[in-house]
Amino acid sequence: MDSTAIDRFDTSRFEASRNRLASLAYRLLGSAIDAEDAVQDAFLHWQAADRQRIRVPEAWLTKVVTNLCLDRLRSAQARRERTVGAWLPEPLLDGDPMLGPAATFEQRESVSLAVLTLMERLSPAERAVYVLREAFSYNHAEIAEILDITESASQQHLHRARRRITAARSGSGEVDPASARRIVEEFLDAATSGRTERLVALLTDDATAISDGAGLTEKLLRYDTPQRIAAIARAGFKSTPAKQRLAGGISAVHYALVNGAPAILFVPDGKVVGAVTFDIAGGKIATVRGIAAPARLARLTEAWRQHGPDTPLITQW
């Protein structure tokens with residue numbers, strides 16, 4: 001086999017792993033943009049390596065991508081951006097290959113916006129062990145090899161990660177899809193009609209709302225009581241000419257699943273300009289996240305444009 005044929009073969013081996021590597025990087029970084037960059041950097045490492053000496057390409061690539069992501073998480077820029085409270089995970093439309101694998105509850109939960117947010121409380125090493133174990137089913141010996149730590153350290157990192165995430169999350173398991181949709185549709189109806197009492201009744205007593213302020217504020221906007229959330233929802237969901245101009249036109253409002261959770265998307269002319277996601281617990285809404293920063297919605301918009309048309313909840317907003 002000549003060198004050109006070898007390069008093509010090796011490139012095809014990398015491409016066969018690309019989606020899995022991107023899924024790993026997305027879980028570690030919470031950003032599809034950063035995940036794609038990490039995978040591309042891994043490809044450059046792959047091209048520069050003596051590939052004939054790599055006995056198990058999948059294991060080698062997993063180690064490279066994991067450590068590239070850890071370098072990013074430990075960087076001064078990442079620490080600065082994530083500690084000032086200006087960070088939310090990048091939402092992805094269900095069906096995006098970056099959300100896989102999704103065969104088990106643990107795998108699906110590991111890519112939820114709730115858990116991706118909670119993982120910010122973990123150290124980079126804890127985050128890596130948690131993702132490799134819960135989402136990709138690596139054993140502690142394999143994780144120790146990937147991270148250059150001992151098996152005992154891997155077990156300790158996993159124990160701390162599970163404890164912190166379990167203590168902080170509000171949900172108790174997967175929610176019936178039909179029930180989730182009904183709750184979200186009731187929320188939208190109450191918000192657009194200004195029914196404050198109904199909005200409050202749909203929220204848990206300790207509900208939280210978080211907004212990125214469309215990327216116009218340095219810090220996330222947070223609201224911590226059902227009454228405040230209801231007031232913000234009434235104001236935010238009221239359609240006005242000014243909001244239509246800001247959105248780039250009259251929006252259709254669609255129901256969707258984003259990172260496995262129910263969501264409302266605002267879509268003028270095929271472009272998603274706002275996503276509101278909901279965490280459901282005990283038949284009520286525990287967390288509302290409003291994401292409208294254009295950079296966080298680029299990949300979701302691309303996926304939405306390939307999405308089959310459905311009937312919007314509101315045709316003109």
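Colleague: Which residues touch the most other members in the largest nonpolar core?

Modeller: Phe14, Tyr26 and Met119, in a core of 46 residues. A nonpolar core here is a set of buried Ala, Val, Leu, Ile, Met, Phe, Trp, Tyr and Cys residues joined through side-chain atoms within 4.5 Å. Bear in mind that this is a predicted model: local features need pLDDT of at least 70, side-chain atom pairs count only at pLDDT 80 or more, and totals for chains, interfaces and linings use all residues. Residues are numbered from 1 along each chain as its sequence is written, and side-chain values use heavy atoms, with hydrogens and water left out.

Colleague: Which elements give two or more residues to this core?

Modeller: Helices H1 (3–29), H2 (32–48), H3 (57–74), H6 (113–118), H7 (124–134), H8 (140–147) and H9 (151–168). H1 supplies the largest share, eight residues. Helices are DSSP runs of H or I with at least four residues, strands are runs of E with at least two, and both are numbered from the N terminus.

Colleague: What does methionine 119 touch?

Modeller: Leaving out residues up to four places away in sequence, Met119 touches Arg27, Ser110, Arg127, Tyr130, Val131 and Ile165. A contact means heavy atoms within 4.5 Å. There is also a second, separate core of 28 residues, with Val184, Leu203, Ala209 and Ile314 among them.

Colleague: Why is asparagine 259 called buried?

Modeller: Its relative accessibility is 3%, and buried means under 20% relative accessible area (exposed is over 50%, partly exposed in between; 1.4 Å probe, protein chains only). So asparagine 259 counts as buried. Asparagine 259 sits in the loop between strand E3 (252–258) and strand E4 (261–267), and has a positive phi of about 50° although it is not a glycine.

Colleague: And what makes aspartate 148 exposed?

Modeller: Aspartate 148 has a relative accessible area of 58%, so it passes the cut-off for exposed. Aspartate 148 lies in the loop between H8 and H9, and its phi is positive too, about 55°.

Colleague: What makes the peptide bond from glycine 100 to proline 101 cis?

Modeller: Omega there is near -10°. Proline 101 is in the loop between helix H4 (76–83) and helix H5 (105–109).
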